[in-house]
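Please look at the sequence and the model together, and keep both in view while reading the report that follows.

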Amino acid sequence: MANRGKRLSTNVEGNFFVDHTCINCDTCRQLAPLSFREIGEYSSVSYQPVTELETLEAYRSLLACPVGSIGTIHPDKNILCRAQDSFPLLLEGEVYYTGFNSEKSFGANAYFIRHPEGNWLIDSPRYVSRLLEAFDQLGGIKYIFLSHEDDVAEAARYATRFQGTRITHADDAEAVPGAEWIVNERHPFQMSPDFLIIPVPGHTPGSMALLYKQRFLFTGDHLWWDRDTKSLEVPSVYVWNEEQLHQSTRLLLDYPFEWVLPGHGSRVHLPSSNMRLELNRLVQSFQGVKAPSI
Ligand code: SF4
Ligand SMILES: [Fe+2]
C-alpha cells in the first residue's frame, strides 16, 4: 500500500502518486506511459489521468506494481474493480499479460496462453485470488514455462494449485527445486506443433525463449523493445556470457515472429518483415564480437 507521507516530490500534483519505495521496474510506464515517467531513480506521475481510459490504465499500473508504490488520494473503487477484472489482459487471440507483477522477479511481466491442449503460464506473477479465479475460468494451467532463473517468483505455488508442470532449463534449474520438467537440450526443439522451445543462453546459462504459433516470442530477459530508441535490445549488464548472448540472438533470425513479449522491457508487435529488419539491425550491431559455436 503506497504511503502518502513517502510521496516523491517529483510527482505532479493530483490524485495519483508514487512513493519512494518504487524499485524502478518500468511496469507502470509500460501500462500507462502517458501518466508515469522515469525521473531520477524512480517512476513518478508526470501527468494525472483525465479520461476514463487513462484512469483505467493508471489503476492497472497501481495493481500491477510489484511493491505497491502507487497510490491515490481519492480512490475510485469502481474503476479499481474494473482494472482488477481486466487482468489477465488480452493482448491478441488467446495470449494474455497477467498483471500483478511480483517483487520476487523484480517486477517481471508474466503471460498466459489459453490452448486447447492445455494452458501455459509463462513466468510467474504474484499469487493473487483474482488470477486464481481467472485461470480457473480459463481452464487451469498445464505448463509453467520458466524463461530463466530470475523470474520464477510464485511458480511453485501455481504448480501445486493447478497441478502444472514447471519447465526450466537444466542450467538454471537450481532456482526451481522440484521442477517437473528439466530441459537438457541446447538446440531449439518443437514441443508440440504450436510450441517451439529455443534455448538462448547469455543473460543466464539456462535462459530459454518460447515461440508460439510462429507469432509470439516470449523472451524472458533475453530480448525486449526499447521505447526510447524504438529498437530491439539485449542486456548489456547482468550478462553471464556476452558471446553466447549474441549467438543466441543471431539464432532467432531463423524464426518468424511478430510479437516480442519480454519479462523486463517493453512488449512490441510489428509485422514479421519489420521485426526481422529490427532483429537484423540488432545483430549487425554485434559486429566485431566473435561468435563461438555452441
Ligand atoms: S510499477 Fe511500481 S515499482 Fe515499478 S516503476 Fe512503477 S511505481 Fe516503481
Ligand atoms: Fe533476468
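The 4 donor atoms around the iron ion (ligand 2) subtend angles of 89 to 159°, which makes their arrangement irregular. Donors here are N, O and S atoms within 2.8 Å of the metal (3.2 Å for Na, K and Ca), and water is not among the atoms, so sites may look incomplete. The iron ion is coordinated by His148 (NE2), Asp150 (OD), His203 (NE2) and Asp221 (OD), at 2.1 to 2.2 Å, and in sequence these donor residues follow the spacing H-x1-D-x52-H-x17-D.

This is a predicted model, in which local features need pLDDT of at least 70 and side-chain atom pairs count only at pLDDT 80 or more, while totals for chains, interfaces and linings use all residues. Residues are numbered from 1 along each chain as its sequence is written, chains are lettered from A and ligands numbered from 1 in the order in which they are written, and side-chain values use heavy atoms, with hydrogens and water left out.

Ligand 1 is surrounded by 13 residues, the closest being Cys22, Cys25, Cys28, Ser43 and Cys65, where a residue is near if one of its heavy atoms lies within 4 Å.

Strands (E, at least two residues) and helices (H or I, at least four) are DSSP runs numbered from the N terminus, and two strands pair if DSSP finds at least two bridges between them. An open sheet of 6 strands has the order β12-β13-β14-β15-β18-β19, with mixed pairing; its edge strands, β12 (189–192) and β19 (268–269), each pair on one side only.

| Strands | Bridges | Facing residues |
|---|---|---|
| β14 (208–212) and β15 (216–220) | 3 bridges | Leu210 and Phe218 |
| β5 (89–92) and β6 (95–97) | 3 bridges | Glu92 and Val95 |

The hairpin of β5 and β6 has 2 residues between the strands, and there Gly93 takes a positive phi near 60°. Pro88 lies in the loop between α3 (77–85) and β5, and a cis peptide bond, with omega about -5°, joins Phe87 to Pro88. In the loop between β8 (120–122) and α4 (129–137) is Asp123, which has a positive phi of about 60° although it is not a glycine. Most residues other than glycine have a negative phi, and most peptide bonds are trans.

How values were computed
Four donors count as tetrahedral if all angles lie between 85 and 135 degrees; four count as square planar and six as octahedral if opposite donors are over 155 degrees apart and all others between 65 and 115; anything else is irregular.
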